[in-house]
Amino acid sequence: MPGLQDVSIEAMDPQRFASVVSRREYEALVDLISHATRELRGRVLWNVNSTAKGGGVVEMLRPLLGYCRGAGVEARWVVLSAGPEFFEITKRLHNRLHGFEGDGGSLGTDEREIYEETLVANAADFVRLLHPQDIVILHDPQTAGLAEAARQTGAAVIWRCHVGLDDANDHARGAWNFLRGYVLPAHAYVFSRGGFAWEGLPRDRIAVIRPSIDAFSPKNADQTREQSLAILSTAGIFGHDATGCPMFTRSDGTPGRVGRRVDTLEDEPLASDHQLVMQVSRWDRLKDPLGVLLAFAGHIASRTDAHLLLAGPSTEAVADDPEGAEVLAAVRSAWHELPSAVRRRVHVTSLPMDDIEENAAIVNALQRHASVVVQKSLAEGFGLTVAEAMWKQRAVVASRIGGIRDQIDHGRSGLLIPDPRNLEQVGTAVTGLLKDSERARQIGAAAQLSVQQHFLGPHHLGRFFEVIRRVVSRREHGSSMP
């Protein structure tokens, strides 16, 4: 296997937050950053995860570490080297941490041996980079087995779990039992919700950090309607030629142009004047794109003229999600079984991942063009696509589960589905918004305000520094964790 992959991070100036938060919040952030940069001087802030492409962890890491660098903190990001057997096991763990059986495979001696051998090899490379004053943040099950080796160098170690469920079942506890011994050496454990914290972890080492979006990234930055239409036409989502320029601004401030085309399964191309219901997510059973397709076919198509677009990343580009191709294949198979009158209004789209920021600009344009955005997850740690769509003043229909509940105030800033497996509930909620554009507009406006107040980078960055500071203080002075 190749060694650890070092991911390039562009420094970004935290001063840009002044335009999207209140003056009081901005001044508090500046003060916290000032303290953090003084206390972290001479230390490297390491982040380790399993991929540099695709998924919510990547979406959060890239801007947060960029702002850390912009604030004067030496932040670095490395990605594990692992084979397909390792990722099959960690995908199994991911599913079970959400309370689902997943592929039904074992988490026994053979799986533990593969898991440990992979991480021992990665640890040998990683510890050579560490200094006793450094801080290491390990993300999700893939990296838990590095905690002990990192701690032995004298570095402060934080394990951050982005997935979980509030009401644990036997599947979740089985995953906990597999991982707990690897996780325990960390000095702190960070979860996205308090209810996700595991049994058997020292309570005084547990902290909660809610995820966030970056308002200035290519995925969330403002786009004019003409810009969005040009991007979607150039990418091949619309069936007509672009009349504008498909430009966007990259994270480093330089101009970018959308040039690659999507791969879409469809009978007829989408038109820009169609009402559009959309879900964009990884091709993951827990995101339930197949359920969205069936809800549209059974409970939306006959009551509206809307089209459905299911979008996700090219499965060839997401190495740490071995089930993606299977899920996409199941969705494509179901599409072929639809009645022709429904099938011509359903579009299954794989988005290019060669240029991550080009991909983000396409997603941005899609979310801005949608009439209603759906996130019908069966389990969800947080669900960044919900906050992204809310930021763009879209009306969102989403499952009442996990971190989605923290984002949506039902009836005011979005609609929550009590039972995501109830396709009629999904259809009724979506159809109601399609038929009442004024209500959808009001919900979208409230949604953007909620994200501005709770789920932008300043809130996350501030809490990020606060937890790091307390971990360092705990080690040096014996103070307690938040």
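This briefing walks through the nonpolar cores and the pockets of the structure above. Keep in mind that the model is predicted. Its largest nonpolar core holds 83 residues, and its largest pocket has a volume of about 340 Å³.

**Nonpolar cores**

- In soluble globular proteins, nonpolar side chains tend to be buried together.
- Leaving aside residues up to four places away in sequence, L366 is in contact with L232, I237, M278, L309, A311 and L351.
- There is also a second, separate core of 42 residues, with L119, V136, A186 and I206 among them.

**Largest pocket**

- Helices α12 (356-369), α15 (423-435) and α16 (437-454) each contribute at least two residues to the lining, and α16 gives the most, with three.
- By type, the lining comprises six nonpolar, six polar and four charged residues.

**Second largest pocket**

- The volume here is about 200 Å³.
- Its lining is made up of S8, I9, E10, M12, R62, R250, S251, D252, I356 and E357.
- Five of these lining residues are charged, three are nonpolar and two are polar.

How values were computed:
Residues numbered from 1 in each chain as written. Predicted model: local features only at pLDDT ≥ 70, side-chain atom pairs only at ≥ 80, totals over all residues. Heavy atoms only, no water. Core = buried A, V, L, I, M, F, W, Y, C linked by side-chain atoms within 4.5 Å. Buried < 20%, exposed > 50% of the residue type's maximum accessible area, 1.4 Å probe, protein only. Contact = heavy atoms within 4.5 Å. 1 Å grid on protein atoms, 1.4 Å probe; cavity = no way out; pocket = protein on both sides within 12 Å on 5 of 7 lines; lining within 4 Å. Points joined across faces, edges and corners; volume = space filled by probe spheres on them. Helix = DSSP H or I, 4+ residues; strand = E, 2+ residues; numbered from the N terminus. Nonpolar A, V, L, I, M, F, W, Y, C, P; charged D, E, K, R; others polar.
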